[in-house]
Amino acid sequence: MQLKRTLSFCTLFLAGALTILQAQDGIGGVWRIHIARPDGSTHDVFLNLVQSGSSVTGDVIENYGHRKIIEGSFVEGKLHAAIHPWREVVVTYEGQLTDGKLNLTISHKNTPTGKASVTKATAERSTEEATLPPAKLPVPALHDVPENNLVRTPQMGWNSWNHFAGRVTDATIRATADRIVASGMKAAGYIYVNIDDTWESGRDANGNIVPNKKFPDMKALADYVHSKGLKIGIYSSPGPFTCGGYEGSYGHEEQDAKSYAAWGIDYLKYDWCSAGTIYQDSDMRAVYQKMGDALQASGRPIVFSLCQYGKEDVWTWGSKVGGNSWRTTGDIADNWKSLEEIGFSQAKIAEYVQPGHWNDPDMLEVGNGGMTDDEYRVHMTLWTLLSAPLLAGNDLDKMPDATLKILTNPDLIAIDQDPAVHHPKRTVLEGNTEVWAREMQDGSMVVALFNRDSQAKPVTAEWSKLGVTAASSKARNLWTHKDVTLSGDSYTATVPKHGVVLLQVGKG
Ligand code: GLA
């Protein structure tokens, strides 16, 4: 239940009178943008505006998060207000005040994907202040959630967010399940088909979570995915809202876990989002534990994927709350800068992974079009060396053969899924190049020569530094599938810009 600030009759009367005065005089006051989405769900944004001459200050409140207006003006009936919600993103609210209503254009610029978005909306004066976050529920005492014995090797599958974002529907999930089977991805190990944010509508009279119009029958959808020999995942937040402003699980954790189990859901991604407006970061472990317990009590084996962007050193406690994986970073985007920032910063926490409990540097962008195939090979190489979950995020209906080959390279998948779970060692060389090595269960060594530079470069692996003793033995290049003859105590390859040469030394 949302707690709203109640106003007495008298205050309401005064607020009404003030509203009329403000409407005549300017833009100051509280404005509510009520967004009715085509999927049947709704979403409110509040503009809390303070006018002084032609200058406008105040804040924008969305999903209970307050963002200061960094630049605002009101000139000749026209509002301009900008906020800076995260990273370089800037959101502007621009529009004309006409007959007491603000006809707005809301634009998102500098998004990590590079895609600008523009939405039209109408704002009306609100007699209430912005909806306040509900009171904080008590958090449980800490304990260790029992092992669920799932994903003993990193989970593999597909997730809707990176390509489809808010456009995911029942039809997308069915078509993706079909393509995973037909393309050979299922045979390669990709099993989970995961619905990310934007499937929720609201709650029924009994508080049960209800999907929106895009997902008319969740149980039938789960049955369909299961009929293909695959598993299905879903998404929620411990806060009242998801990151997309949809209904979260706040105060309904056990009830939601039961709904997921009744539908036949096999996987939950649980995203912090608006929980940050209610809880402290130090409550995070207890809050995740609550859902970990709820999933176990649901009676169905459900993989638990934590998404809280690596806060609170989650790798030190994620397994204790029943987490099968935990995000270690902010969101990935389909460009080299993002991939490089995330992928090359993970080796220092690689030692925290163990069977059933994985570091998750975010989902794959392979095939989404923002990077070259060389860059996507770096992506796949880093993720497999790190034993990361492999969740493809591209449109499988429009997948070029080169993308399929990168995603299903059996030698790379064998590294990711190697049951010994040895950790990679990273050596940073001069000139923006690196060598990583990881031992495999069979005693062989995989050695990756990375070139982060913007031109081709020679990169040298020195066997003595990597613990490779069989330097004169055969090696195989795992991306070209060609044998390589080694001699001497090092190996040098010219690696393309933003590229990798990956060898397996001493196998069989
Ligand atoms: C956050 C997560 C993303 C995705 C979106 C959905 O940003 O980190 O992976 O789930 O929310 O809104």
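Reader: Which elements do the buried residues of helix 8 pack against?

Author: In this predicted model, helix 8 covers residues 336–343 and is mostly covered, six of its eight residues being buried. Trp-336, Leu-339 and Ile-342 are among these buried residues. The elements they pack against are helix 9 (373–385) and strand 20 (433–439).

Reader: Is Thr-176 buried or exposed, and which residues does Thr-176 touch beyond four places in sequence?

Author: Thr-176 belongs to helix 3, which runs over residues 170–183. Its relative accessibility is 5%, and buried means under 20%, so Thr-176 counts as buried. Leaving aside residues up to four places away in sequence, the residues that Thr-176 touches are Trp-158, Val-193 and Leu-396.

Reader: What is the phi of Asn-110, and what is its relative accessible area?

Author: Asn-110 sits in the loop between strand 7 (101–109) and strand 8 (117–125). Most residues other than glycine have a negative phi. Asn-110, which is not a glycine, has a positive phi near 55 degrees. Asn-110 is partly exposed, and its relative accessible area is 48%.

Reader: Where is Val-151 found, and is Val-151 buried or exposed?

Author: Val-151 is placed in the loop between strand 8 and strand 9 (156–159). Although Val-151 is not a glycine, its phi is positive, at about 35 degrees. With the limit for buried residues at under 20%, the relative accessibility of 12% makes Val-151 buried.

Reader: What radius of gyration does the chain have, and what would a compact globule have?

Author: The chain has 12 helices and 26 strands, and its C-alpha trace spans about 90 × 50 × 40 Å along the principal axes. For 508 residues, a compact globule would have a radius of gyration near 23 Å, and the value for the chain agrees with this, at 25 Å.

Reader: What share of the contacts in the chain with a separation of 6 or more comes from residues 24 or more positions apart?

Author: Of the 508 residues in the chain, 53% are buried. Among contacts with a separation of 6 or more, the share from residues 24 or more positions apart is 63%.

Reader: Over which residues does pLDDT stay under 50?

Author: The mean pLDDT of the chain is 93, and 94% of the residues reach 70 or more. Where pLDDT is low, the predicted coordinates should not be read in detail. The model has 23 contacts beyond four places in sequence for the stretch where pLDDT stays under 50, namely residues 1–24.

Terms used
Residues numbered from 1 in each chain as written. Predicted model: local features only at pLDDT ≥ 70, side-chain atom pairs only at ≥ 80, totals over all residues. Heavy atoms only, no water. Helix = DSSP H or I, 4+ residues; strand = E, 2+ residues; numbered from the N terminus. Rg over C-alpha atoms; globule rule 2.2 N^0.38 Å. Buried < 20%, exposed > 50% of the residue type's maximum accessible area, 1.4 Å probe, protein only. Contact = heavy atoms within 4.5 Å. pLDDT = per-residue confidence, 0-100.
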